[in-house]
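Colleague: I have a structure open and would like to learn how to read it. Please take me through some features one at a time.

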Amino acid sequence: MNKTSKNILFINPPWHKEKDNIWSGISSIIPPLSLACIASCLEQQEHSVKIIDMNAENISLEQLEENNNFNDYDFIGITASTPLINKAYKIIEIIKKNTSNETKIILGGVHPSILPEEAFERSDVDYVLRGEGEYSFVEIVEGKELNQIKGLSYKENGVLVHNPDRELIKNLDEMPLPAYHLLPMDKYRPALGAYK
């Protein structure tokens with residue numbers, strides 16, 4: 001596999017909260033640990049990683065487009081649960097409009113893990129990672145043959161390919177600690193009613 005250092009950007013889509021909405025003051029803001037875990041695995045292999053948590057930083061889609069040079073990155077990873085999937089598709093649209101074809105977009109998270117076909121129908125995503133993405137993401141970045149990467153969905157000659165699922169990581173102690181240093185840790189909080 002190619003060990004050349006790559007630049008990777010991760011994006012956590014924003015929850016939309018209207019101003020003066022009761023939820024804007026009492027809801028939680030939780031760190032995207034899945035992204036931080038994958039980031040630490042990439043850093044362990046000496047790749048350069050940045051995380052933009054649009055939710056914690058209160059970054060709008062317009063601000064994301066205005067303030068980022070997506071061409072600086074070799075890979076851009078986006079995570080999405082079902083409530084955030086439409087925002088993720090919009091982010092993919094923004095990135096594709098502002099990058100060359102050399103920047104690859106990888107979509108992961110609960111929603112695309114369950115419905116990878118939808119991701120390819122509704123967006124111009126390059127790859128979908130199903131399930132736990134720590135090892136699979138590193139393998140993509142380091143140039144492993146696509147058909148050998150477990151948990152990966154991708155298109156080959158216009159045909160959608162779903163590789164076999166990757167097994168769950170059995171020993172979590174073998175994983176590096178999440179890359180908390182890439183997150184705005186001072187911006188996270190539990191829901192107002194959940195303080196102990």
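Modeller: Start with exposure: a residue is called buried under 20% relative accessible area, exposed over 50%, and partly exposed in between. Keep in mind that this is a predicted model.

Colleague: Where does tyrosine 180 fall, buried, exposed or partly exposed?

Modeller: Tyrosine 180 has a relative accessible area of 37%, so it is partly exposed. It is found in the segment after strand E7 (159-162). Together with Leu33 and Met185, Tyr180 makes a nonpolar surface patch of about 260 Å².

Colleague: Which residues of H2 are buried?

Modeller: They are Leu35, Ala36, Ile38, Ala39, Ser40, Cys41 and Leu42. For reading such a list, the general idea is that an α-helix has 3.6 residues a turn, so residues three or four places apart point the same way.

Colleague: What do the buried residues of H2 pack against?

Modeller: Their partners are strand E1 (7-12), strand E2 (48-53), E3 and helix H8 (134-141). Just after H2, glutamate 46 takes a positive phi of about 70°.

Colleague: Can we look at one residue of that helix in detail?

Modeller: Take serine 40, which lies in H2. Its relative accessibility is 6%, so serine 40 counts as buried. A polar atom of its side chain lies 2.8 Å from the backbone oxygen of cysteine 37. Leaving aside neighbours within four places in sequence, serine 40 is in contact with Pro176, Leu177, Pro178 and Ala179.

Colleague: Now a loop residue. Where is alanine 80 placed?

Modeller: Alanine 80 is in the loop between strand E3 (75-79) and helix H5 (85-97). Apart from neighbours within four places in sequence, its contacts are Ile85, Ala88, Leu107, Gly108, Gly109, Val110, His111 and Pro112.

Colleague: How far apart are alanine 80 and isoleucine 11 in sequence and in space?

Modeller: They are 69 residues apart in sequence, and their C-alpha atoms are 9.5 Å apart in space.

Colleague: What does asparagine 68 touch?

Modeller: Not counting residues up to four places away in sequence, asparagine 68 touches Lys50 and Ile52. It is found in the loop between helix H4 (61-66) and E3, and at 17% relative accessibility it counts as buried. A polar atom of the asparagine 68 side chain lies 3.1 Å from the backbone oxygen of leucine 64.

Colleague: Which side chain makes a polar contact with that of asparagine 147?

Modeller: The side chain of glutamine 148, at 3.3 Å. Asparagine 147 is in the loop between H8 and strand E6 (152-156). Leaving aside neighbours within four places in sequence, it is in contact with Tyr154 and Asn163.

Colleague: Last, salt bridges. How many are there?

Modeller: For a pair to count, a side-chain nitrogen of Lys or Arg must be within 4 Å of a carboxyl oxygen of Asp or Glu. By this rule the count is 8. One of them joins aspartate 126 and lysine 96, with the closest N and O atoms 3.0 Å apart. That pair links distant parts of the chain, 30 residues apart: aspartate 126 is in the loop between helix H7 (116-122) and strand E5 (127-129), and lysine 96 is in helix H5.

Colleague: Are aspartate 126 and lysine 96 buried or exposed?

Modeller: Both aspartate 126 and lysine 96 are buried. For another pair, look at lysine 150 and glutamate 167, whose closest N and O atoms are 2.7 Å apart in a salt bridge. Lysine 150 lies in the loop between H8 and E6 and glutamate 167 in the segment after E7, so this pair ties together parts 17 residues apart in sequence. Lysine 150 is partly exposed at 33%, and glutamate 167 is partly exposed at 48%.

Colleague: Which residues are linked in a network of salt bridges?

Modeller: Glu139, Lys144 and Arg166 are linked in this way. Between glutamate 139 and lysine 144, the closest N and O atoms are 3.6 Å apart. Glutamate 139 is buried, with a relative accessible area of 13%, while lysine 144 counts as partly exposed at 30%.

Definitions and conventions. Residues numbered from 1 in each chain as written. Predicted model: local features only at pLDDT ≥ 70, side-chain atom pairs only at ≥ 80, totals over all residues. Heavy atoms only, no water. Helix = DSSP H or I, 4+ residues; strand = E, 2+ residues; numbered from the N terminus. Contact = heavy atoms within 4.5 Å. Buried < 20%, exposed > 50% of the residue type's maximum accessible area, 1.4 Å probe, protein only. Patch = residues over 30% accessible without salt bridge, like charges linked within 9 Å, V, L, I, M, F, W, Y side chains within 5 Å. Areas by Shrake-Rupley, 256 points an atom, 1.4 Å probe, with all protein chains shown as cover. Polar contact = N/O pair within 3.5 Å; in protein donor to acceptor, adjacent residues only side chain to side chain.
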